[in-house]
Amino acid sequence: MEFNDVIASRHSVRRFLDKEVPRSLLDAMVLQAGTAPSSRHSKSSAFMIVEDPDTLLALSELRTSGAGFVKDAKAAIIVLGDESKSDLWETNAAISATFLQLSAVNLGLGTCWVQVSGRRRSKDGSVPGMAEDYVRELLGIEERMRVLCVIAVGYEAEAL
């Protein structure tokens, strides 16, 4: 796919087909996202691939709104930043997440970003805590790593 077509085609996908995403495509996305620029070439971004349906269901509950569709994706990629490598981990991770999404389009996949960093689990306080703490505990993420977002990944279903 031509680069301009990739850019023009990228959009948020919240409805996915019930079709497995080959691990090789997920690995390719992560490899390409790893080439993203970072402050002082710190390479502070890291990624976790989640394919287990039960874990995807649990991730869909990280916030009371804006994450429910994750349970219907065939995979999710957690975008992390190592704050011990850079105080600009969040900016670096955001650039990496963008590369990840553009790579997905190029591979024929759809994605949607679920913001984690700085978000409460619920806007009204009905579910206490921060989304990042929930994801960190669910996936056993070490302290020095911060969670920027969850990227749901799958083949796009037709819009309603």
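**Entry 1: a helix to start with**

Which helix is Phe-99 found in? I looked it up, and Phe-99 is found in helix 4. Helices here are DSSP runs of H or I with at least four residues, strands are runs of E with at least two, and both are numbered from the N terminus. The model is predicted, so I noted the ground rules: local features need pLDDT of at least 70, side-chain atom pairs count only at pLDDT 80 or more, and totals for chains, interfaces and linings use all residues. Residues are numbered from 1 along each chain as its sequence is written, and side-chain values use heavy atoms, with hydrogens and water left out.

Is Phe-99 buried or exposed, or something in between? Phe-99 counts as partly exposed, at 32% relative accessibility. I use buried for under 20% relative accessible area, exposed for over 50%, and partly exposed for what lies in between, with a 1.4 Å probe and protein chains only. Leaving out residues up to four places away in sequence, Phe-99 touches Gln-32, Ala-33, Thr-35, Ala-36 and Pro-37, where contact means heavy atoms within 4.5 Å. I also checked Val-30: its C-alpha atom is 8.9 Å from that of Phe-99, although the two are 69 residues apart along the chain.

Helix 4 covers residues 89-106 and also holds Asn-92. I found Asn-92 buried, with a relative accessible area of 2%. What does Asn-92 touch, not counting residues up to four places away in sequence? I wrote down Ser-38, Ser-39, Ser-42, Ser-44, Ser-45 and Ser-86.

**Entry 2: the cores**

Next I went looking for nonpolar cores, meaning sets of buried Ala, Val, Leu, Ile, Met, Phe, Trp, Tyr and Cys residues joined through side-chain atoms within 4.5 Å. The largest one has 24 residues, and those touching the most other members are Leu-59, Leu-62, Val-70, Ile-78, Val-135 and Val-150. Helix 3 (53-59), strand 2 (75-82), strand 3 (110-115), helix 5 (131-139) and strand 4 (145-154) each give at least two residues to this core. Strand 4 supplies the largest share, four residues.

I then followed Val-150. Setting aside neighbours within four places in sequence, Val-150 is in contact with Leu-59, Leu-62, Ala-76, Ile-77, Ile-78, Cys-112, Trp-113, Val-114 and Val-116. Another core, of 19 residues, lies apart from the largest one, and its members include Val-21, Ile-77, Ile-151 and Tyr-155. As background, nonpolar side chains tend to be buried together in soluble globular proteins.

For helix 2 (23-33), I listed Leu-25, Leu-26, Met-29 and Ala-33 as the buried residues. They cover an arc of only 100 degrees around the axis, which puts them on the same side of helix 2; the arc is that of the directions from the helix axis to the C-beta atoms. The buried residues of helix 2 pack against strand 1, strand 2, helix 4, strand 3 and strand 4. The face turned away from that buried side carries the exposed residues Ser-24 and Leu-31.

For helix 5, the buried residues are Ala-131, Glu-132, Val-135, Arg-136 and Leu-139. Seen down the axis, they fall within an arc of 130 degrees, so they line one face of helix 5. Their packing partners are strand 1 (45-50), helix 3, strand 2 and strand 4. Gly-140 follows helix 5, and its phi is positive, near 65 degrees.

**Entry 3: phi in a loop**

Most residues other than glycine have a negative phi. I found a positive one at His-41, near 55 degrees, and another at Lys-43, about 50 degrees. His-41 lies in the loop between helix 2 and strand 1, and Lys-43 lies in the loop between helix 2 and strand 1 too. His-41 is exposed at 60% relative accessible area, while Lys-43 is partly exposed at 30%.

**Entry 4: cysteines and rings**

I found Cys-112 buried at 2% relative accessible area and Cys-149 buried at 0%.

Last, I checked charges over rings, which need NZ of Lys or CZ of Arg within 6 Å of the ring centre and within 35 degrees of the ring normal. The charged end of Lys-19 sits over the ring of Tyr-155, 4.2 Å from its centre. The charged end of Arg-121 sits over the ring of Tyr-134, 4.0 Å from its centre.
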